[in-house]
Amino acid sequence: MLLHALIPASRANGPGLRSVIVFQGCTLTCRSCWNPQSHPFRGIEKPVDAIAHEVLRAHMEHSLEGVTFSGGEPMQQANSLLGLMLSLRRQAPQLSFGMFSGYAEHELAKGQYWIWGDGSSEQHRKRLWQEIRGSLDFAILGRFNQAQPSNMPLRTSRNQVLRLFNHRYSPADFSEQLTEVSIKEGGQAEVTGFPTLGLPW
Ligand code: SF4
């Protein structure tokens, strides 16, 4: 799987304390996307099991509420995403799962999305989405549209939809937009969340 970043513990990406797995690669070209470095399909390729291992280590350290899949575009690596979810669910069934995807739900439901390095049929992609949706607790779906700015929880444009796939969460569990800046070893800064006022550099 092509990985952009793994943030072990964040409060800005869904209910409670969550690991955030940022997928590398996105072809959706939303204008003014704030993370263009995550667009090319090149960079660090890591086995799904190694990523699951890092999340489980973060869970032991921080007692996580769940994991949020972000990007880049997680659904453009849907086979790896499903493998990762199944591995984590097997080893830590209490973790909840959330996802940010630029695809709208009707596109996913019809299999109308593209998967990196995969020539599978629309039928296969439909089934894949059904399996992924069956493991998700929530998702934020839809392209970022800079003409429709929003300060709703987890949504930066008004066309985006917060979908709850079961009864684990209600809309009240999603807090206002937050921005987190973490300073990593070596002094490198990592930003996650919603820097609606722009980046601090
Ligand atoms: S889907 Fe997300 S990562 Fe991709 S271009 Fe749109 S905002 Fe950027």
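Modeller: Buried means under 20% relative accessible area, exposed over 50%, and partly exposed in between, with a 1.4 Å probe and protein chains only. This is a predicted model, in which local features need pLDDT of at least 70, side-chain atom pairs count only at pLDDT 80 or more, and totals for chains, interfaces and linings use all residues. Residues are numbered from 1 along each chain as its sequence is written, and side-chain values use heavy atoms, with hydrogens and water left out.

Colleague: Why is Arg 143 called partly exposed?

Modeller: Its relative accessible area is 27%, which lies between the limits of 20% and 50%, so the term applies.

Colleague: What makes Arg 143 and Glu 107 a salt bridge?

Modeller: A salt bridge requires a side-chain nitrogen of Lys or Arg within 4 Å of a carboxyl oxygen of Asp or Glu. The closest N and O atoms of Arg 143 and Glu 107 are 2.9 Å apart, so the pair qualifies. Glu 107 has 15% relative accessibility and therefore counts as buried.

Colleague: Which other pairs form salt bridges?

Modeller: Among the five found in the whole structure are Glu 54 with Lys 46, at 2.4 Å, and Arg 168 with Glu 65, at 3.6 Å. Arg 168 and Glu 65 lie in two loops, so their pair ties together parts that are 103 residues apart in sequence.

Note on methods. Helix = DSSP H or I, 4+ residues; strand = E, 2+ residues; numbered from the N terminus.
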